[in-house]
Amino acid sequence: MWELIQSNKRKSLILFFGMGALLILIGYVFGSFYNPESGGAVGIFFAIILWMILSTISYFAGSKILLAVSGAKEVTKDVHPQLYNVVEEMKIASGVPYFPKIYIIDDPSPNAFATGVKPENSAIAVTSGLLSTLNRYELQGVVAHEISHIVNRDILLMTFAGMMLGAITLMSEVFFRGLYFGGGSRYRSKSSSKNSGQGQIIIMILALVLAILGPILAQLFYFAISRKREYLADASAARLTRYPEGLANALEKIANSSYKLRSANKVTAPMYIVNPLKREGMKLADLTSTHPPISERIKILRALQQGVSYKDYQKVFEMIHGKKEKIIPDSALTESIPVAPIMGLANQNKSFSHVDAKREANDAVMKLNDYKFINCKCGVRIKIPPDYNQPIVVCPRCGTRHQLG
């Protein structure tokens with residue numbers, strides 16, 4: 001996949017300079033709007049400063065910010081052993097040399113994302129809703145999908161794109177707030193002659209167009225680069241697990257969930273395995289959706305009956321689309337060794353207990369919030385909140401008194 005990795009690095013640079021140029025253009029026009037004589041230079045100056053600051057933040061702290069905004073907390077193996085083991089399995093299968101950090105978001109909506117500018121500082125975050133909804137093989141499919149984003153360097157591209165989108169949206173909002181509170185009085189006071197007045201009207205129209213369309217264009221660009229990567233990550237996950245039905249089932253469960261992911265927003269939405277804002281009405285699906293249609297992704301995965309190689313995925317993709325469109329890079333399509341799917345795992349789902357999975361997910365969240373656990377001899381597991389300050393706790397079933405501290 002070296003071809004894809006190099007391609008993503010090039011696209012990251014194009015994205016970096018392309019969105020920077022758009023940011024500078026917006027700064028010039030907004031500055032000229034408020035001060036036609038010297039405002040353009042001032043606007044460019046502030047846009048460049050903002051671009052440099054955000055680029056630096058994106059590279060060195062973008063992942064931490066995205067995880068913090070999402071309410072994610074880092075976990076260790078003892079917090080949720082199954083999640084840790086699944087990540088370890090997929091890390092080994094993918095050949096990633098570094099173990100990604102694992103985070104849990106306390107939210108009932110099932111979803112997950114990966115972040116980090118390099119594999120060595122990458123991280124995978126899953127919601128507690130995901131852990132309580134999926135069985136082991138489905139969780140494996142989701143983690144394999146996110147590990148694939150790390151392998152393909154998608155996370156570098158998406159981190160930069162997210163921060164630049166945030167910068168352009170911020171400038172647009174500042175412009176509109178200034179227009180609202182200032183009423184455009186500064187602009188009108190500078191109109192002294194007929195020629196300058198016409199020029200200023202053009203600047204005004206251009207500023208309004210950029211303020212409205214700038215964030216939209218940045219979003220469309222952001223969404224367009226994320227959609228193709230979801231197909232490729234699905235293909236990689238099917239190949240890593242050799243059980244595409246697991247990821248297909250996971251996508252189906254996530255799509256059918258009625259919970260809304262509270263911490264998601266327009267900047268972080270494209271990073272998730274399923275768009276968490278879909279229920280808020282992204283109706284222009286093909287143009288503005290951050291992800292391919294879930295039903296189509298599921299259909300492709302379930303059609304991988306004969307093999308799960310990249311070549312098989314490309315073939316099924318074209319068959320379902322009815323047209324030729326390259327999703328998999330050429331270097332991956334040259335593999336000649338067939339990769340057969342694992343059969344007979346469907347029965348494993350019958351032993352899955354939603355009650356047990358939900359309890360384990362809740363326990364993990366409690367551990368993250370500094371709860372203490374006492375296993376009573378009667379079988380009850382007593383959960384003690386961090387603000388409990390009594391020296392003794394009594395078992396609600398058998399009445400046994402447990403000494404704390």
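1. The axis of a helix is here a line fitted to C-alpha atoms over the stretch in contact, and the angle between two such axes runs from 0 to 180 degrees between their N-to-C directions. With that in mind, please remember throughout that this is a predicted model.

2. The axes of helix H11 and helix H12, the latter spanning residues 310–321, come within 9 Å of each other and cross at roughly 130 degrees. An angle over 145 degrees would count as roughly antiparallel and one from 65 to 115 as roughly perpendicular, and H11 and H12 are therefore described as oblique to each other. Their crossing is right-handed, and the contact is built from Glu296, Lys299, Ile300 and Leu301 on the H11 side, together with Tyr313, Val316, Phe317, Ile320 and His321 on the H12 side.

3. Helix H11, which covers residues 294–302, also meets helix H9, which covers residues 244–256, and here the two axes come within 8 Å and cross at roughly 160 degrees. That angle makes H9 roughly antiparallel to H11. The residues of H9 that make this contact are Pro244, Glu245, Leu247, Ala248, Asn249, Leu251, Glu252 and Ala255, while H11 contributes Ile294, Arg297, Ile298, Leu301 and Arg302. The crossing of H9 and H11 is left-handed, whereas that of H11 and H12 is right-handed.

4. Arg297, one of the H11 residues in the contact with H9, is also among the residues that His145 touches. His145 itself lies in helix H5, which runs through residues 136–151, and it is buried, with a relative accessible area of 0%. Leaving aside residues up to four places away in sequence, His145 touches Glu230, Ala233, Asp234, Ala237, Ile273 and Arg297.

5. Turning to the strands, Glu74 is found in strand S1, residues 72–74, and its relative accessibility of 45% places it in the partly exposed class. Although Glu74 and Ile102 are 28 residues apart along the chain, their C-alpha atoms are separated by 5.7 Å. Beyond residues up to four places away in sequence, Glu74 touches Lys101, Ile102, Tyr103 and Leu368.

6. Ile104 belongs to strand S2, residues 101–105, and it is buried, its relative accessible area being 2%. Not counting residues up to four places away in sequence, its contacts include Ala72 and Lys73, as well as His80, Leu83, Val126, Ser128, Leu131 and Ala364. Leu368 is touched by Ile104 and also by Glu74. Ser70 stands 34 residues from Ile104 in sequence, and the distance in space, from C-alpha to C-alpha, is 9.7 Å.

Conventions
Residues numbered from 1 in each chain as written. Predicted model: local features only at pLDDT ≥ 70, side-chain atom pairs only at ≥ 80, totals over all residues. Heavy atoms only, no water. Helix = DSSP H or I, 4+ residues; strand = E, 2+ residues; numbered from the N terminus. Buried < 20%, exposed > 50% of the residue type's maximum accessible area, 1.4 Å probe, protein only. Contact = heavy atoms within 4.5 Å. Parallel < 35°, antiparallel > 145°, perpendicular 65-115°, else oblique. Left-handed = near helix turned anticlockwise from the far one by under 90°.
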